[in-house]
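These notebook entries record, in order, what I looked up in one structure. The sequence and the model are placed below for reference.

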Amino acid sequence: MQDALFRSEDIPDLANARFALVAVERGIDHSPSAAQGFSYRLPEGADAAPGDRVTVPLGRGNTPTNGVVLKTGGPELLGDFPASKAKQIIKVERLGIPEPVVELARWIARYYVCPLGMALAGVVPAAVKKGTGARVRTALVRGPVPDEMPKLTPTAKRAWEAVNALPASAFPIEPRALADRIGEKTIASTNRLRLAGLLTETQIETVSTRTSMFDVGTANTSGTPPAPPPTPTDEQAGVIGAVSSTLGSFAPHVLFGITGSGKTEVYLRLLRTVLDEGGSAIVLVPEIALTPQTGRRFSERFAGEGVAVLHSGLSASARHKAWADARSGKARIVVGARSAVFAPVTRLGIIIVDEEHDGSYKQDQLPRYHARDVAIKRAQLESCPVVLGSATPSLESWHNATKADAKYQLHTMTTRPTGATLPEVQIVDIAAERKLAAQRGRPFEPGAVGLGPTLLDALDETLNDGGQAVLLLNRRGFAACVACRSCGWTLGCERCDAKMVVHTRSTKPGQAPPRGHLRCHHCHAEQLAPRSCPDCGSSLILIGEGTQRLEDDLIRHLDKAHPGLGEHAIARADSDALSHASHYFALLDRFAKGETKVLLGTQMIAKGLDFPNVRLVGVINADTALSLPDFRASERTFQLVTQVAGRAGRGGFAGRVIVQTFSPEDPSIVHAQRHDFRSFASEEIESRRAAGLPPVSRMARIVCRHVDPGEAAHRATEIARRLRADQGVRVMGPMPCPLAKVNDHFRFAVEIVAPSAGVLNRTLETLRNAGVLVSDSATAIDPDPIALL
Ligand code: ADP
Ligand code: ZN
Ligand code: ZN
């Protein structure tokens with residue numbers, strides 16, 4: 001990243017001038033031309049390439065503004081614009097975003113209706129732009145060797161021979177490192193060679209970072225040599241062969257393999273082939289599944305070959321270093337969450353998207369991209385295969401792989417190579433459990449579900465046998481809300497259309513429960529729970545439960561029934577308990593060692609965990625996702641139950657799964673019980689077809705927000721009217737959002753459904769060019785939305 005500063009008063013030589021199309025880093029779309037970039041003249045003698053960062057004068061005041069070069073060329077880049085009027089670039093920095101990634105950002109700007117500058121800003125980590133951890137150092141290069149060899153002392157002569165024997169790739173090298181390599185104790189002789197003109201000084205930029213226990217990078221943290229890779233089963237070999245035969249060309253693959261069927265092993269084999277052919281690879285995993293356990297599987301297999309693992313626990317300088325390593329080719333495999341899809345690797349040979357159904361691949365702010373879909377686009381731009389793996393594929397990917405004219409190849413893996421069988425899943429009806437609990441003299445608390453007798457018995461049995469358990473409750477906090485015992489009043493947030501959620505620290509048995517601390521999950525407002533109902537003065541009760549309440553319940557139970565299990569016997573994993581990735585890693589470590597017997601948590605624990613001694617998985621309330629006003633409610637429920645069930649019985653012990661639900665007949669739960677993804681998918685796709693919903697169609701959602709509800713509704717109405725003028729799409733709304741007010745802003749949504757992505761895109765583009773649709777803080781345009789609140 002060498003800087004070059006240019007004086008703008010240089011007199012331009014227009015006949016030979018070169019120009020650059022620049023996307024400026026500004027958050028707003030002013031006009032269609034802003035979406036395409038602005039033209040600038042390159043200073044004479046300056047060099048710039050697509051992907052370089054530039055500073056350009058913008059607007060009347062010529063405000064220096066950062067931007068990225070999209071294209072360089074002659075006057076043809078200007079169109080009708082006179083070359084003499086093109087302003088000159090102020091500064092060029094070699095940033096080195098690979099050209100296909102620049103192309104990708106342009107596609108994102110178009111497809112996701114996002115200002116191009118913001119799409120580009122999103123492809124480079126902030127740490128890289130700021131240069132965190134970067135240092136310029138002095139290094140040495142050989143030569144130029146003078147015609148006549150200077151006179152050298154015998155020591156210097158020996159040093160020069162040793163320097164000459166080094167491969168060209170060793171340079172540039174820092175003086176200290178060079179002395180080490182040629183076996184000299186001090187830099188005295190390299191200094192002498194420099195003075196004799198045999199070595200020349202140069203400046204290099206290096207990125208350094210302290211390594212910590214969370215930089216799973218290339219270190220083998222377990223201390224034991226990695227086990228030799230297993231021989232692929234026939235099923236695995238079939239998939240490896242089929243995907244390998246498409247290397248070198250664009251080919252989307254869906255790998256549908258049950259939990260524990262060895263998908264990761266398939267990825268590792270494919271990566272081996274790509275590395276051997278000199279290529280590089282990107283592996284995307286959901287943030288939450290990006291544990292040291294996952295990182296280690298990749299870095300151990302390719303120890304010494306450069307694996308960069310990007311996770312949220314990394315420091316800014318470590319992030320910068322990973323980016324620089326990927327850019328320079330030092331790291332050829334990049335494993336990371338969503339944004340790793342933009343890793344600046346070159347010679348990309350394959351992209352793997354693990355758990356491709358995961359909602360965390362979609363970014364919920366500008367640019368609202370879906371990393372799986374961006375991965376497919378990047379694979380297309382770079383002519384390489386992309387593998388979408390999951391035990392519960394998204395219906396979008398499933399449809400793409402199974403419909404009549406499917407362009408995606410489908411591969412299936414139905415067995416576990418370890419010989420383990422899928423766990424037995426038992427559905428229990430919460431209503432029946434409630435009666436049973438009352439009969440046993442341990443009734444449910446009012447308003448709460450908790451651990452029913454069936455689950456409690458199974459937990460006791462598991463703990464008595466020395467096993468471990470995972471309990472899923474997909475709601476954080478202590479209780480969903482506070483309510484009045486007699487008049488039904490509940491406490492809502494003043495600024496949002498939502499209940500205040502009860503949070504509290506865990507209490508030990510015997511202590512009085514603390515007075516609830518209430519928090520809004522949308523605007524983060526906080527307050528203390530009132531002592532009594534403000535309307536009628538009656539006492540209050542807590543409705544519904546979250547992970548904190550379940551934890552209290554469990555602590556009480558274990559103290560009584562299993563004393564002496566130690567202070568870490570129970571661990572709670574949710575975003576309140578674990579504010580930093582390191583906390584989560586430490587918790588998983590204690591679970592792996594067996595110190596923790598019961599791991600309870602939100603969906604955070606449903607993914608990617610592979611612990612052989614987990615013999616019981618309990619789902620406290622499978623209905624938390626079912627009741628959401630979202631057409632994907634069933635799909636989410638099926639995924640969650642199947643994924644968490646897959647944590648049981650991965651080792652030598654049979655696994656058991658107990659699912660508590662108020663809807664024991666719901667197809668999503670019944671199919672998950674039978675591990676029957678195919679039936680679930682075909683029934684669900686049929687009902688989506690009947691309703692005209694994705695994946696059979698494509699959707700975009702536009703949300704207008706404003707402090708004045710009339711204004712928000714008016715803008716949404718205008719957008720809906722303009723959309724309806726387009727015959728090709730179905731328009732729904734405007735309607736108040738399910739979450740009608742957030743942070744004092746009223747929200748109205750318009751949804752459009754189109755038969756194909758092309759039609760959807762053209763419709764949005766037309767309105768964007770007409771200035772009707774502008775992505776800004778008051779209007780969120782979300783193509784392929786996954787959150788409909
Ligand atoms: P998935 O990614 O589908 O959940 P994994 O790749 O994690 O599955 O494999 C599950 C377990 O099976 C792991 O412990 C893995 O080491 C083991 N495994 C995978 N492939 C084989 C194989 N061919 N032979 C023996 N064990 C295997
Ligand atoms: Zn009341
Ligand atoms: Zn609020």
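Which residues coordinate the zinc ion (ligand 3)? I found that Cys493, Cys496, Cys520 and Cys523 do so, each through its SG atom, at 2.2 to 2.4 Å.

**Conventions.** I note that this is a predicted model, in which local features need pLDDT of at least 70, side-chain atom pairs count only at pLDDT 80 or more, and totals for chains, interfaces and linings use all residues. Residues are numbered from 1 along each chain as its sequence is written, chains are lettered from A and ligands numbered from 1 in the order in which they are written, and side-chain values use heavy atoms, with hydrogens and water left out.

**Entry 1: zinc ion (ligand 3).** I took donors to be N, O and S atoms within 2.8 Å of the metal (3.2 Å for Na, K and Ca); water is not among the atoms, so sites may look incomplete. Along the chain, the donors of this zinc ion follow the spacing C-x2-C-x23-C-x2-C. Why is the arrangement around the zinc ion (ligand 3) tetrahedral? It is tetrahedral because the four donor atoms subtend angles of 101 to 113°. Four donors count as tetrahedral if all angles lie between 85 and 135 degrees. For four tetrahedral donors the ideal angle is 109.5 degrees. Buried means under 20% relative accessible area, exposed over 50%, and partly exposed in between (1.4 Å probe, protein chains only).

Entry 2: Cysteine 487 and cysteine 536 link distant parts of the chain, being 49 residues apart. Cysteine 487 is in the loop between strand E18 (481–484) and strand E19 (501–503), and cysteine 536 is in the loop between strand E21 (526–528) and strand E22 (540–543). Helices (H or I, at least four residues) and strands (E, at least two) are DSSP runs, numbered from the N terminus. Are these two cysteines buried or partly exposed? Cysteine 487 counts as partly exposed because its relative accessibility is 42%, and cysteine 536 is partly exposed at 39%.

**Entry 3: glutamate 184.** I located glutamate 184 in the loop between helix H6 (175–181) and helix H7 (188–195). It is buried yet has no salt bridge, and the nearest side chain of opposite charge, that of arginine 158, is 4.9 Å away. A salt bridge is a side-chain nitrogen of Lys or Arg within 4 Å of a carboxyl oxygen of Asp or Glu. For charge, Lys and Arg count as positive and Asp and Glu as negative; His and the chain ends are not counted. What does the side chain of glutamate 184 make a polar contact with? Its partner is the side chain of serine 189, at 2.9 Å. A polar contact is a pair of N or O atoms within 3.5 Å; within protein, one must be able to donate a hydrogen and the other to accept it, and residues adjacent in sequence count only if both atoms are side-chain atoms.

**Entry 4: aspartate 784.** I found aspartate 784 in the segment after strand E30 (779–783). It counts as buried because its relative accessibility is 12%. Its side chain is joined to that of tyrosine 111 by a polar contact of 2.7 Å. Leaving aside neighbours within four places in sequence, aspartate 784 is in contact (heavy atoms within 4.5 Å) with several residues, including Lys362, Asp373 and Arg698.

**Entry 5: backbone.** I recorded a cis peptide bond between leucine 366 and proline 367, with omega about -15°. Proline 367 lies in the loop between strand E13 (348–354) and helix H12 (371–381). Another cis peptide bond joins proline 694 and proline 695, with omega about 10°. Valine 113 is not a glycine, yet it has a positive phi of about 50°. At 2% relative accessibility, valine 113 counts as buried. Asparagine 743, also not a glycine, has a positive phi of about 55° and is partly exposed, with a relative accessible area of 33%.

Methods
Four donors count as tetrahedral if all angles lie between 85 and 135 degrees; four count as square planar and six as octahedral if opposite donors are over 155 degrees apart and all others between 65 and 115; anything else is irregular.
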